[in-house]
Amino acid sequence: MSVLSFTPHLQVHVNPILSPKPKPKPKLNKLRISSLQTFVTPPPQPSFSDPFVLQLADSLEDSLPSSSQPLPLQRLRDLSSQTLLSTPWPSRKDEPFRFTDTSLIKSSLIEPVSHSAQFLDSLDVSGDTQFPNLIFVDGFLKESVLNLSNLPDGVYLGSLLRASDRIMERVSKFIGDFKWGDLFWSINGMGAPDLGVIYVPAGCKIEIPIYLKYFSVEGGNEESKKLPISNPRVFVLVEEGGEVGIVEEFEGKEGNACYWANSVLEVVIGGGGKVRHSYVQSQSLRAAHIKWTAVRQESSSTYELVEVSTGGKLSRHNVHVQQLGPETVTELSTFHLSVTEQTQDLHSSLVFDHPRGYSRQLHKCIVAHPQGQAVFDGNVKVNRYAQQTDAGQLTRSLLLEPRATVNVKPNLQIIADDVKCSHGAAISDLEESQLFYFQARGIDLKTARKALVFSFGAEVIGRFPMR
């Protein structure tokens, strides 16, 4: 039989009754105070408790170019380095990784990829020439294929290294300011060779989408244990009233190449702005793919995500959205498919801090292999001042093989007292009544199952703005 785990979690906080004041602690006499002041020691420095992480940090530092970098990028590396060196590698004992085994990465020989500009220019890779695009090869921005046609005045698309002083100053206010990342966020911050930037000025509405294509060229094999790591990073800043569509697509080498793509996308949306984000992941079935998407929304802004993830032996997407103003809209639609010994993992976090916020989240996954696994951990936190919040969350999973596994954990944390919040989860095989409906009309069982599986995923896939 299939294996499933469902952990609903609802926390509702109310104002506590005032409790008696605690008894005052006895005061130390003057002699004792003097003794403490004499032997005061400086605060402890970050401890290098994990040799594996320390070795990885050293290899990342050695792979970076020795030339001077823009101040925002250097600041990002410094902050990430401090966090990385004091953070141990995650294990199954850590709650965020309870259902996600990262031993595929830790048991490999990790080698940061280092490419020269000449090598990048010699590669024959290209994106869709119909749209403005950025191409990343193993985390390196390949500027020779930049397509900047049809972009309105004031829009910038390219490397931080070549941004104007004005854009550099605006981006600097946000780089390194995100405080919710994990170890993999810090690995990317320390190892990113460049920073791709999308800048949309105030009131500018870009009618055509911007295409971000990520290629993984380097790859090892299971015998060698070699695992090349790439750390592409993109920062998106949409000023007040601006609108843009972004399409991210991750591709790897054909076959069963082993590599690790560790990417980060940061999005800052000004008041009244809108970002439509599409994300497609089809990496090698032997690859590790870990991605962070961090979004900050000002008042009356909108963020829409549509995701389809089918590749990678280990695939994990961390989505963190924080609403920083009232009347903000967030919509997340994701579809994950596990057809081999894959782990497809989505960890999402939505934080409401202001009134009249709105969110809808739909997560769907199919596990079609006895050793396949899907994980969903969705956290919605409604803080005290986020009154009249309307938040809905739904996860649905199909288990098509015996011993297929799915672990779901919808989680609502509500402190405000005037809200409308809901969550739901459904885990099942295809329903016999639906199959009977097809067979009663002369459709064979195999075709009926295909039609039902296709329609299950089509609900999310059909939300792509361009199909």
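Is R276 buried, partly exposed or exposed? I looked it up: R276 is partly exposed, at a relative accessible area of 23%. My cut-offs: buried is under 20% relative accessible area, exposed is over 50%, and partly exposed lies in between (1.4 Å probe, protein chains only).

Housekeeping: this is a predicted model, where local features need pLDDT of at least 70, side-chain atom pairs count only at pLDDT 80 or more, and totals for chains, interfaces and linings use all residues. Residues are numbered from 1 along each chain as its sequence is written, and side-chain values use heavy atoms, with hydrogens and water left out.

Next, salt bridges (a side-chain nitrogen of Lys or Arg within 4 Å of a carboxyl oxygen of Asp or Glu). I get 18 of them by that rule.

R276 has a salt bridge with E243, with 3.9 Å between the closest N and O atoms. I place E243 in strand β11 (residues 243-251) and R276 in strand β13 (residues 274-282), 33 residues apart. Strands here are DSSP E runs of at least two residues, numbered from the N terminus. E243 is partly exposed too, at 21%.

Then I checked R233 and E266, whose side chains meet at 3.2 Å, N to O. R233 sits in strand β10 and E266 in strand β12, again distant parts of the chain. R233 is buried at 1%, and E266 is buried at 1%.

K420 and D390 pair up at 3.7 Å. K420 is in strand β23 and D390 in strand β21, so the bridge ties together parts 30 residues apart in sequence. K420 is exposed at 56%, whereas D390 is buried at 17%.

Note on methods
Helices (H or I, at least four residues) and strands (E, at least two) are DSSP runs, numbered from the N terminus.
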